[in-house]
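Please keep the sequence and the model in view while reading.

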Amino acid sequence: SDPHRQETTEVVEKEDQDSTDLHRSLVLVKRMVERTSGQEGEGEGRERAVQVVVVGGLGGNFSHELGNIGVSASFSSPCFSVVLVGRENIAVVVTGKQRIRGVKGLHCGLFRISGPSTVRTCGLRWDLDGEEMRFDGLVSVSNEFLEDEIEIEMLGDTKHVLFTVDFRD
């Protein structure tokens, strides 16, 4: 008897080199959410907000980090977010308009994921007000929380951006 195969644990073995473990895990989470939607008091037409926290999603192999960010972006929506956690930082793909709780003075950054991104922020030392971010232009690094809660809003055709928080002193 395998001690990892408990009644409450579902073990899925799949030989698939075309997707990552994180991608396969998020597919399963989305299926579980779809199966149970409407069973816990959500009204009709309302989606339950789901946040998946991936401990160990950052740190180690940089190519794995980039892959995890890409997978997170492909699954992220206003009702489904993936938080990647490392020893010294976290990263989350932000969609739509979101409020994020933090601590005044905490270092953070915003990065475009695909294509130019136009963003408005409120509560950061260097707020953005509709400027276009791109890797070969403006990026928001070494920014910081001025309040315990900030707001990030996608503008125009911007689908999502990557928001990072650094816990190092």
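A residue is called buried when its relative accessible area is under 20%, exposed when that area is over 50%, and partly exposed in between. With a relative accessibility of 41%, Glu 132 therefore counts as partly exposed. The structure discussed here is a predicted model.

**Salt bridges**

Side chains of opposite charge can pair when their charged atoms come close. A search of the whole structure finds ten salt bridges. Three of them are set out below.

| Glu 149 | Arg 99 | 2.7 Å |

The salt bridge between Glu 149 and Arg 99 links distant parts of the chain, since Glu 149 belongs to strand β9 (residues 149-155) and Arg 99 to strand β4 (residues 97-101), 50 residues apart. Are these two partners buried or exposed? Glu 149 has a relative accessible area of 28% and is partly exposed, whereas Arg 99, at 52% relative accessibility, counts as exposed. Both residues also take part in a network of salt bridges that links Lys 97, Arg 99, Arg 101, Glu 149 and Glu 151.

Arg 120 has a relative accessibility of 35% and so counts as partly exposed.

**Strand β10 and its neighbours**

How many of the seven residues of β10 are buried? Six of them are, so this strand is largely enclosed by the rest of the structure. Strand β10 pairs with β3 in the antiparallel sense over seven bridges, and within this pairing the bridge partner of Val 93 is Leu 162 in β10. Strand β10 is also joined to β5 by six bridges, and these two strands run antiparallel. Here Cys 108 has Val 165 in β10 as its bridge partner.

In a regular strand the side chains alternate between the two faces of the sheet. Ala 91 is located in strand β3. Because its relative accessible area is 3%, Ala 91 is buried. Between the C-alpha atoms of Ala 91 and Gly 109 the distance in space is 9.3 Å, and the two residues are 18 residues apart in sequence.

**The largest pocket**

The largest pocket holds about 560 Å³ of space. It is lined by 27 residues, of which Ile 69, Asn 89, Phe 111, Leu 162 and Thr 164 are the closest to its centre. Which elements give two or more residues to this lining? They are α2 (62-75), β3 (89-95), β5 (107-112), β8 and β10 (160-166). Strand β5 gives the most, with five residues.

**Individual residues**

Three further residues deserve a separate description.

Arg 24 is placed in helix α1 (residues 21-36). Its relative accessibility is 19%, which means that Arg 24 counts as buried, given that the limit for this class is under 20%. The side chain of Arg 24 makes a polar contact of 2.4 Å with the side chain of Asp 21.

Ser 76 is situated in the loop between α2 and β2 (80-85). Its relative accessible area is 8%, so Ser 76 is buried. A polar atom of the Ser 76 side chain lies 2.6 Å from the backbone oxygen of Ser 72.

Ser 142 is found in strand β8 (residues 140-144). Although Ser 142 is not a glycine, it has a positive phi of about 55°. Is Ser 142 buried or exposed? At 58% relative accessibility it counts as exposed, because the limit for that class is over 50%.

Definitions and conventions:
Residues are numbered from 1 along each chain as its sequence is written. This is a predicted model: local features need pLDDT of at least 70, side-chain atom pairs count only at pLDDT 80 or more; totals for chains, interfaces and linings use all residues. Side-chain values use heavy atoms; hydrogens and water are left out. Helices (H or I, at least four residues) and strands (E, at least two) are DSSP runs, numbered from the N terminus. Buried means under 20% relative accessible area, exposed over 50%, partly exposed in between (1.4 Å probe, protein chains only). A polar contact is a pair of N or O atoms within 3.5 Å; within protein, one must be able to donate a hydrogen and the other to accept it, and residues adjacent in sequence count only if both atoms are side-chain atoms. On a 1 Å grid over the protein atoms alone, a cavity is a set of points where a 1.4 Å probe fits but cannot get out, and a pocket is an open set with protein on both sides within 12 Å along at least five of seven lines; lining residues have an atom within 4 Å of a point. Grid points are joined across faces, edges and corners, and a volume is the space filled by probe spheres set on the points. A salt bridge is a side-chain nitrogen of Lys or Arg within 4 Å of a carboxyl oxygen of Asp or Glu. Two strands pair if DSSP finds at least two bridges between them.
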